[in-house]
Amino acid sequence: MAEKWFNVGKIVNTHGVKGEVRVLSTTDFPEERYQTGNVLYLFQNEQKEPVEVKIKTHRFHKTFDLLTFEGHGSINDVEKFKNSLIKVPESQLTDLDEGEYYFHEIIGCTVLTDEGEEIGTIKEILETGANDVWIVKRKNKKDALIPFIDDVVKEIDVEEKRIVISLMEGLIDE
């Protein structure tokens with residue numbers, strides 16, 4: 001069976017002349033994913049096979065992650081990586097602690113109230129710093145914003161793609 005790949009970011013530009021690339025990160029865990037020594041796979045438009053790179057350095061800069069790769073020490077070495085998607089194989093996903101989930105497991109889940117009423121489907125996740133907020137697409141209504149907190153989220157079943165929440169007063173506009 002073919003390996004499943006998960007998108008963890010996109011190289012949007014180079015940064016400086018020493019081979020640093022600017023990454024728009026889509027990973028839930030940038031500190032772990034971009035650790036020195038980790039291997040990432042760059043997928044470019046025309047190429048069938050990904051380019052394997054090993055992380056040499058990682059730092060945050062404004063809203064970006066800046067990475068350098070071993071053996072790619074100048075801007076000329078990394079210029080070709082612009083617009084590449086950064087992916088990791090499923091086998092590289094780390095096991096999460098109880099109660100932690102990957103974004104790709106949550107997005108697409110159906111949200112129900114604890115009374116069994118269907119609210120909609122999670123289409124996006126906002127990271128607010130304090131807690132994540134799930135954006136739920138509803139039929140013929142405005143999207144609902146659901147905070148990922150224990151008081152609200154009662155049950156998560158990623159196998160069944162089902163999430164049960166307790167509707168606190170004022171949580172959802174009708």
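This is a predicted model: local features need pLDDT of at least 70, side-chain atom pairs count only at pLDDT 80 or more; totals for chains, interfaces and linings use all residues.
Residues are numbered from 1 along each chain as its sequence is written, and side-chain values use heavy atoms, with hydrogens and water left out.

The protein is divided into domain 1, covering residues 5-92, and domain 2, covering residues 103-165, where the bounds come from an automatic or database domain assignment. The C-alpha centres of domain 1 and domain 2 lie 30 Å apart. Helices (H or I, at least four residues) and strands (E, at least two) are DSSP runs numbered from the N terminus, and two strands are taken to pair if DSSP finds at least two bridges between them.

Strand 5, comprising residues 64-69, is mostly covered, with 6 of its 6 residues buried; here buried means under 20% relative accessible area, exposed means over 50%, and partly exposed lies in between, with a 1.4 Å probe and protein chains only. Burial extends to both faces of strand 5, with F64, L66 and T68 on one side and D65, L67 and F69 on the other. Strand 5 pairs with strand 2 (residues 20-25) in the antiparallel sense over 3 bridges, and within this pairing R22 has L66 as its bridge partner. Strand 4 (residues 51-61) is also joined to strand 5, by 6 bridges and in the antiparallel sense, and I55 of this pairing stands opposite F69. The hairpin of strand 4 and strand 5 has 2 residues between the strands, and K62 in this hairpin takes a positive phi near 55°.

An open sheet is formed by 6 strands in the order 10-9-8-7-12-11, with mixed pairing. Strand 10 (144-147) and strand 11 (153-157) stand at the edges with a single partner strand each, so one side of each is left without a neighbour in the sheet. From one strand to the next the twist averages 35°, a value that rests on axes fitted as lines to C-alpha atoms (for helices over the stretch in contact), with angles running from 0 to 180 degrees between N-to-C directions. Strands of a sheet pair through backbone hydrogen bonds, either parallel or antiparallel. Strand 7 (residues 110-113) pairs with strand 8 in the antiparallel sense over 3 bridges, and V111 stands opposite G120 in strand 8. In the hairpin of strand 7 and strand 8, which has 4 residues between the strands, a positive phi near 90° is found at G116. Strand 7 also pairs with strand 12, in this case in the parallel sense over 4 bridges, with T113 opposite I165 in strand 12. Strand 12 (residues 162-165) is in turn joined to strand 11 by 4 bridges, and strand 11 and strand 12 run antiparallel; D157 has R162 in strand 12 as its bridge partner.

A salt bridge was assigned where a side-chain nitrogen of Lys or Arg lies within 4 Å of a carboxyl oxygen of Asp or Glu, and by this rule the count comes to 4. One of them links E20 and R59, with the closest N and O atoms 2.8 Å apart. Because E20 lies in strand 2 and R59 in strand 4, the pair ties together parts that are 39 residues apart in sequence. Within this pair, E20 counts as buried at 11% relative accessibility, whereas R59 counts as partly exposed at 39%. A further salt bridge is formed by the side chains of E79 and K82 at 3.1 Å, N to O, where E79 is partly exposed at 36% relative accessibility and K82 is partly exposed with a relative accessible area of 31%. The side chains of E155 and R162 likewise meet in a salt bridge at 3.7 Å, N to O; E155 is partly exposed at 37% relative accessibility, and R162 is partly exposed at 31%.

The largest pocket has a volume of about 330 Å³. Of the 16 residues that line this pocket, F29, Y101, F103, D132 and F148 are the closest to its centre. Helix 3 (103-106), strand 8 (118-127) and strand 9 (132-137) are the elements that give two or more residues to the lining. On a 1 Å grid over the protein atoms alone, a pocket is an open set of points where a 1.4 Å probe fits, with protein on both sides within 12 Å along at least five of seven lines, and lining residues have an atom within 4 Å of a point. Grid points are joined across faces, edges and corners, and the volume is the space filled by probe spheres set on the points.
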